[in-house]
Amino acid sequence: MAQARQRELELAAQRAAAQRQARADQSLFARAVGPAQPLRAHGRVVHAPTAAPPEPRQRQMDDQAVLRESLSDEFDASTLLHVDGDLSFSRPGVGPDVTAKLRRGHWAVQREIDLHGLRTDEAREALGQFIRGVHRAGVRCVRVVHGKGLGSPGRTPVLKGKVHGWLIQKKEVLAFVQARPLEGGAGAVVVLLDK
């Protein structure tokens, strides 16, 4: 009970101090401005501006992110691949020594994904999720096993060319080379990711 009474007294004192300060501020303003007259009524009505319609910015950003993340099957990667006995790729600005080091195993393979037996759309989605996940985890070097196509009709690799095209489209991928024979050879690629 005594605490409640004490609190009421403190609040009343704060209100009184705020009123004194407001009167002091008004007096100071009136002295600084000097004699003044209020403006005459002008008879105009001031309308509040109409609010702009809301823009779905988050949805627009999400749509743009989806487009950036999407992988196209129509992408022709052959013009960007270096053919030097083995297929390799490096982003512009990445030195040729990077692919040479990658081929020699300079970076240890930290994770691997095997796309054997997956349909094209399943493989594309799995690879996209894999690259995003390992990049977020800070992994630098991965192996992507796409197979040699020995079980495919005509014994030609279906996923090999598509995997190359998909990897080139991922901004996280700095370079990739065909795996060494003991690591899968023509049925796999070793990929170096951006930090």
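Two strands are taken to pair if DSSP finds at least two bridges between them. Helices (H or I, at least four residues) and strands (E, at least two) are DSSP runs, numbered from the N terminus. The structure is a predicted model, in which local features need pLDDT of at least 70 and side-chain atom pairs count only at pLDDT 80 or more, while totals for chains, interfaces and linings use all residues. Residues are numbered from 1 along each chain as its sequence is written, and side-chain values use heavy atoms, with hydrogens and water left out.

Strand β2 (residues 87-90) runs antiparallel to β5, and three bridges join the two. Within this pairing, Ser-88 has Val-177 of β5 as its bridge partner. β5 also pairs with β6, again in the antiparallel sense, over five bridges. Here Val-173 stands opposite Leu-193 of β6. β5 is mostly covered. Five of its six residues are buried, where buried means under 20% relative accessible area, exposed over 50%, and partly exposed in between (1.4 Å probe, protein chains only).

The loop between β5 and β6 holds Arg-180. This residue is partly exposed, with a relative accessible area of 35%. Contact is defined as heavy atoms within 4.5 Å. Leaving aside neighbours within four places in sequence, Arg-180 is in contact with Arg-103, Arg-104, Gly-105 and Gly-185. Its C-alpha atom is separated by 8.7 Å from that of Val-190, ten residues along the chain.

Nonpolar packing was examined next. A nonpolar core is a set of buried Ala, Val, Leu, Ile, Met, Phe, Trp, Tyr and Cys residues joined through side-chain atoms within 4.5 Å. The largest such core has 21 residues. Those that touch the most other members are Leu-127, Val-144, Val-163, Leu-167, Phe-176 and Val-191. Another core, of ten residues, lies apart from it and includes Val-98, Leu-102, Val-145 and Ala-179. In soluble globular proteins, nonpolar side chains tend to be buried together. Val-163, listed above for the largest core, touches Leu-115, Leu-127, Val-144, His-146 and Val-189, not counting residues up to four places away in sequence.

Helix α4 has 17 residues. From its first C-alpha to its last it reaches 24 Å, close to the 24 Å expected at 1.5 Å a residue; the expected span is 1.5 Å times one less than the number of residues. Its buried residues are Ala-123, Leu-127, Gly-128, Phe-130, Ile-131 and Val-134. Seen down the axis of α4, these fall within an arc of 165 degrees, so they line one face of the helix. The arc is that of the directions from the helix axis to the C-beta atoms. Among the elements that cover these residues are β3, β4, α5 and β6. Just after α4, Gly-138 takes a positive phi of about 85 degrees.

Charged pairs were then counted. A salt bridge is a side-chain nitrogen of Lys or Arg within 4 Å of a carboxyl oxygen of Asp or Glu. By this rule the model has seven. In one of them, the side chains of Arg-143 and Glu-112 meet at 2.5 Å, N to O. This pair links distant parts of the chain, as Arg-143 lies in strand β4 and Glu-112 in strand β3 (residues 111-114), 31 residues apart. Arg-143 counts as buried because its relative accessibility is 15%. Glu-112 is partly exposed, with a relative accessible area of 43%. Elsewhere, salt bridges that share partners join Arg-119, Asp-121 and Glu-122 into one network.

Arg-143 sits in β4 (residues 141-145). Not counting residues up to four places away in sequence, Arg-143 touches Val-109, Arg-111, Glu-112, Ile-113, Glu-183, Ala-188, Val-189 and Val-190.

Arg-5 and Glu-8 meet through their side chains at 3.8 Å, N to O. They are three residues apart in helix α1 (residues 2-33), and therefore about one helical turn separates them. An α-helix has 3.6 residues a turn, so residues three or four places apart point the same way. Glu-8 is partly exposed, at 47% relative accessible area. The side chains of Glu-55 and Arg-57 meet at 4.0 Å, N to O. Both of these residues, Glu-55 and Arg-57, are exposed.
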